[in-house]
Amino acid sequence: MRLHFIRLRFIWYALSLLVILPGIISLATRGLNLGIDFTGGSLLDVKFTRAVETREVRQVLADFGLEKSLIQKSGPSSFIIRTRALDENESGKVVAALNSRLGGMTLLRNEKVGPVIGKELTQKAILAVLIASVLMLVYIAIRFEFKQGVAAVAALLHDGLVVLGVFSLFQIEVDSSFVAAVLTILGYSINDTIIIFDRIRENIKTKRVTGPLEDVINVSLWQTMARSINTVLAVLFVLVALYLFGGSTIKNFVLALIVGVSSGCYSSICNASPLWYDLKRLGDKKKAPAGGKVSARARA
């Protein structure tokens, strides 16, 4: 007998709360571990006398606790290194170590820099996400119905909170690529949700599936299940490979995608459609006459 997702919806809601609540508490108490893209720091622009690999530079920086610094190769032997804010003494020691251990170098720049993502840009990014959510809500309301749009945006909020919560709980550093990862996750998740909603609408319109609405939704979920699972597995295989072999500079970006894509698959199946079902039932109960029954539209 197949699992009935709608009848078990309160279990899915509870599981989501168990994941999200610790993250929300951590965000409220500890916040995010913001990287130098948000906080600013020191910038070193150096040119070595021989060809040097990024990993060699990182190994030297690791001795000063700077292994998570952003290292950008700007030429065959040139690098731009962004670290946390260093005082003059610390900066001198780092430069001396790079010079002595990597065969000599020329220091082109050594300066304090502001955050790449400042307060104003952060506010604009949040505003962009809000505008995108409203536009998604409008689009789904026009193509499907308003309550489905609300359910879809709620599922997106779920995915965003899961990713933010995980990074806050484990104090994983957040840099500029994290913002790109979150936006990618939102786009991926809404796509999966729309495909499920489209199948539900098709089954209701063509009457291919008869019976109560909860059964129609459940059958629709199972009809799109293989597609949802196969798609997320294909994406996860690539992401896991990138996480293991892609280098340290993209690990946090890929980790955010792994968490978000997994959460997006779960929320599209277990949260969005069940939440729409509850919203629809609530609306139909309000429309029903006192003492009357829920409308037939909510049952079929």
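Some conventions: residues count from 1 along each chain as its sequence is written, and side-chain values use heavy atoms, leaving out hydrogens and water. Since the model is predicted, local features need pLDDT of at least 70 and side-chain atom pairs count only at pLDDT 80 or more, while totals for chains, interfaces and linings use all residues.

Helix α1 covers residues 9–29, which is 21 residues. Helices here are DSSP runs of H or I with at least four residues, numbered from the N terminus. From first C-alpha to last, α1 reaches 30 Å, close to the 30 Å expected, where the expected span is 1.5 Å times one less than the number of residues.

There is a kink in α1 of about 25 degrees at I20, shortly before the proline P22. That bend is the angle between axes fitted to the seven residues ending there and the seven starting there.

I20 is also buried, as are R9, W12, Y13, S16, G23 and S26; buried means under 20% relative accessible area with a 1.4 Å probe, protein chains only. The cover over these residues includes α6 (146–169) and α9 (251–287). Just after α1, G31 has a positive phi of about 70 degrees.

Terms used. Helices (H or I, at least four residues) and strands (E, at least two) are DSSP runs, numbered from the N terminus. Buried means under 20% relative accessible area, exposed over 50%, partly exposed in between (1.4 Å probe, protein chains only). Contact means heavy atoms within 4.5 Å.
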